[in-house]
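My notes follow the order in which I checked them.

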Amino acid sequence: NESFTEAGRRPVPGWKSDRGRIYCRYGAPDDKLERQQEGKARPYQVWRYTRERSRHYVFADRTGLGTYVLIMTNDKKEVGQANWMDILGVYAVEDVGRFVGISFRVQ
């Protein structure tokens, strides 16, 4: 709760946030990429787990208030957003791809 509580009109306890839920399930990520807002691109984080089987989670702060939501993952137990590439933009998608070792088709 201390690390992932999200502010706003209706505060969300950390364990109920997307990042908090993943943290409770798998612990701290083995590696993390964090990018601050740059131009029109929103802040985002990519968490990578290499234990057991490789998993990655992409969270974006779409409000600019520190409220990160899960927008893409390769974890079949979680649901991303179909338009995650549009949310991040071309350069961020390429950045995420380099970090997780996947070449995403950016149009």
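These entries cover a predicted model.

**Sheet.** I began with the strand order. The sheet is open, has four strands, and reads S1-S2-S3-S4 with antiparallel pairing. I then asked which strands stand at the edges. They are S1 and S4 (68-73), and each has a single partner strand, so one side of each is left without a neighbour in the sheet. On average, neighbouring strands here are turned by 20 degrees against each other, direction ignored.

**S3 and S4.** I looked at this antiparallel pair next. Five bridges join S3 to S4. I also noted a facing pair: Ala60 stands opposite Val69 in S4.

**Helices on the sheet.** I checked H1 and H3 against the strands. H1 lies across S2, S3 and S4, and runs at about 15 degrees to S2. H3 packs on the sheet as well, where it touches S1, S2 and S3. The direction of H3 makes about 15 degrees with that of S2.

**H3 up close.** Which residues of H3 (90-100) are buried? I listed Ala92, Val93, Asp95, Val96, Gly97, Phe99 and Val100. What do they pack against? I found the strands S1 (31-35), S2 (44-49) and S3 (55-61), and also helix H2 (84-88). Just after H3, I noted that Gly101 takes a positive phi of about 80 degrees.

**A charge over a ring.** I stayed with Phe99, one of the buried residues of H3. The charged end of Arg48 sits over the Phe99 ring, 4.2 Å from its centre.

**Aromatic pairs.** How many aromatic pairs does the whole structure hold? My search found five. I took up one of them, Tyr26 with Tyr49. For such a pair I want two values: the distance of the centres and the angle of the planes. The ring centres of Tyr26 and Tyr49 are 5.7 Å apart and the planes stand at 55 degrees, so the pair is tilted. Tyr26 lies in H1 (18-26) and Tyr49 in S2, so this pair ties together parts that are 23 residues apart in sequence. Are these two residues buried or exposed? Tyr26 is buried, and Tyr49 is buried too.

Key
Residues numbered from 1 in each chain as written. Predicted model: local features only at pLDDT ≥ 70, side-chain atom pairs only at ≥ 80, totals over all residues. Heavy atoms only, no water. Buried < 20%, exposed > 50% of the residue type's maximum accessible area, 1.4 Å probe, protein only. Helix = DSSP H or I, 4+ residues; strand = E, 2+ residues; numbered from the N terminus. Contact = heavy atoms within 4.5 Å. Phe/Tyr/Trp six-rings, centres within 6.5 Å; stacked < 30°, edge-to-face > 60°. Lys NZ or Arg CZ within 6 Å of the ring centre and 35° of its normal. Pairing = 2+ DSSP bridges. Axes fitted to C-alpha atoms, helices over the stretch in contact; angles between N-to-C directions.
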